[in-house]
Amino acid sequence: MVIRRVLAPRIDFAALRRELGLPEEFPAAARQEADAAAADPPRPGVDRTDVPFLTVDPAGSRDLDQAMHLSRRPGGGYRVRYAIADVAARVRPGGALDEETWRRGQTVYLPDGTVPLHPKSLSEGAASLLPDVDRPAVVWTIDLDADGATVAVELERALVRSRAQLNYAGVQAGADEGRLPEPIALLPELGVRLTERGLRRGAINLPLPEQEVEADGDGWRLVLRGPVPMEEHNAQISLLTGMAAADIMLAGRIGLLRTMPAPKPEAVERLRTAAAPLGVHWPEGASPGEVIAGLDPAQPRAAAFIDQAAELMRGAAYTAFDGELPQQPEHGGVAAAYAHVTAPLRRLADRYATEVCLALHEDRPVPDWARAALPRLPEVMATTDRAASAAARGAVELTEAVLLAERVGEVFDAAVLDVDAPPNGRSRPRPPGGTVALDDPPVRSRCLGDLPLGERIRARLVSADPAGRTVLFERA
């Protein structure tokens, strides 16, 4: 759901690309390998083209990693079939394309175009699960009981065919009108089941709207977008698959997990202390995730509380292991062991984790090329995660500064999302302030002054510098 949008003039994002050192063209040898793989696709032995898979992605996407088919099991429960683009079947270990994907690590998204992990002949062409064409995939078949608990997992390399490419807005409209296509008709029901199971485990989801920059003719739109329910339901299928993958790798004592420490008790207690002043009811025995799930992030006090809850989600990492199990294998946000395996077109780690899962499931040795890569992946993914985050954040900050550059001195309505912690005697003192979210335009920025957390204020724009990508307000 688009909450607010505003038009900004033409913006050049080239300086941001240069600053982050993002790669440009693929080397000729890597591009040639990709084109050859696209022209000569592999033909897996198992044919699953009879299964009417569908893809659900943001509108306009071309790099389609996942396709879904949901059904009921005889006797009760659900069957999830999740087809994931088989990128490992297209990339030769040790080749020029493989080497270049290690340099890139993941696809980086910018408003004026992506910096893809793979050449577009693969990522938006022959490896993408586009509709009405046969594609090699790794198909996860996960059987669940009526409560959403996993009872069986199978995976295989197979040939699949997606029947349609759907987007979140269209799927949400279909769900609201009770007319979802049959292959995903169970998604709202199953999504709720899986979400409830996650909350009972202690999972935490932070439903803050995201700022996005979109093209609009000769200019750009700055959009504040909140997730629609069907987007959250779709994410639950990916989480389900990632947890199944983690279980396989832990049982086999080799793999690559996405880990994060569980929230520290003192951090939970600080959040609990912040609840009452913000008017947030915290029932006895409720977990942080259960409290957050009952809030409306469009309300300033709830948004401030959710912003405070982000402090619980620290320390995410990739953890490789081979033989000895990791001391801390779980992801605190998922409240379970979890692995990335569902986005291999966009994320390097998924290709290797999937290959490990296939080998373990088939009771064969993990390929040497995959095993040797595992210790190197955490550092590569951490480095490229930082670059991808900096690109997304930098694009928004640049758009905000351009948008507001001619409005210095104006006063805006805003909600206070965060306030600075009091000085502890060790840090340099700085003027009091915090973070505010403007009503219109949808800007989130630093604001100076004594700020009441979770309350609405009037904020005066002090500066907006496109060159430095900075915006500053003060309480009016």
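1. Cys447 is buried, at 0% relative accessibility. This is a predicted model, so the value describes a prediction. Cys357 is buried too, and its relative accessible area is 0%. The structure contains zero disulfides.

2. Cys447 also belongs to a nonpolar core of 33 residues, along with Ile11, Ile457 and Ala464, among others.

3. The largest nonpolar core has 55 residues. Which of them touch the most other members? They are Val80, Trp140, Ile237 and Met249. Helix H7 (residues 229-252) gives this core its largest share, nine residues. In general, nonpolar side chains in soluble globular proteins tend to be buried together.

4. Ile237 deserves a look of its own.

5. Next, the aromatic rings. The structure holds five aromatic pairs. One joins Phe13 and Trp220: the ring centres are 5.2 Å apart and the planes stand at 90 degrees, so the pair is edge-to-face. Where do the partners lie? Phe13 is in the loop between strand S1 (2-8) and helix H1 (14-20), while Trp220 is in strand S11 (residues 219-225). The pair therefore ties together parts that are 207 residues apart in sequence.

6. Tyr352 and Trp369 form another ring pair. Their centres are 5.5 Å apart and their planes at 65 degrees, so this pair is edge-to-face. Tyr352 sits in helix H11 (residues 348-361) and Trp369 in helix H12 (residues 368-373). The pair thus ties together parts that are 17 residues apart in sequence.

7. Burial within this pair needs a separate check. Tyr352 is buried, with a relative accessible area of 2%. Trp369 is partly exposed, at 31% relative accessibility. Ring pairs also bring in Trp102: Trp102, Tyr352 and Trp369 are linked into a cluster.

8. Finally, two arginines are placed over rings. Arg104 lies over the face of Phe26, 3.5 Å from the ring centre. Arg272 has its charged end over the ring of Trp282, at 4.4 Å from the centre of that ring.

Methods. Residues are numbered from 1 along each chain as its sequence is written. This is a predicted model: local features need pLDDT of at least 70, side-chain atom pairs count only at pLDDT 80 or more; totals for chains, interfaces and linings use all residues. Side-chain values use heavy atoms; hydrogens and water are left out. A disulfide is a pair of cysteine sulfur atoms within 2.5 Å. Buried means under 20% relative accessible area, exposed over 50%, partly exposed in between (1.4 Å probe, protein chains only). A nonpolar core is a set of buried Ala, Val, Leu, Ile, Met, Phe, Trp, Tyr and Cys residues joined through side-chain atoms within 4.5 Å. Helices (H or I, at least four residues) and strands (E, at least two) are DSSP runs, numbered from the N terminus. Rings of Phe, Tyr and Trp (its six-membered ring) pair if their centres lie within 6.5 Å; planes under 30 degrees apart count as stacked, over 60 as edge-to-face and the rest as tilted. A charge sits over a ring if NZ of Lys or CZ of Arg is within 6 Å of the ring centre and within 35 degrees of the ring normal.
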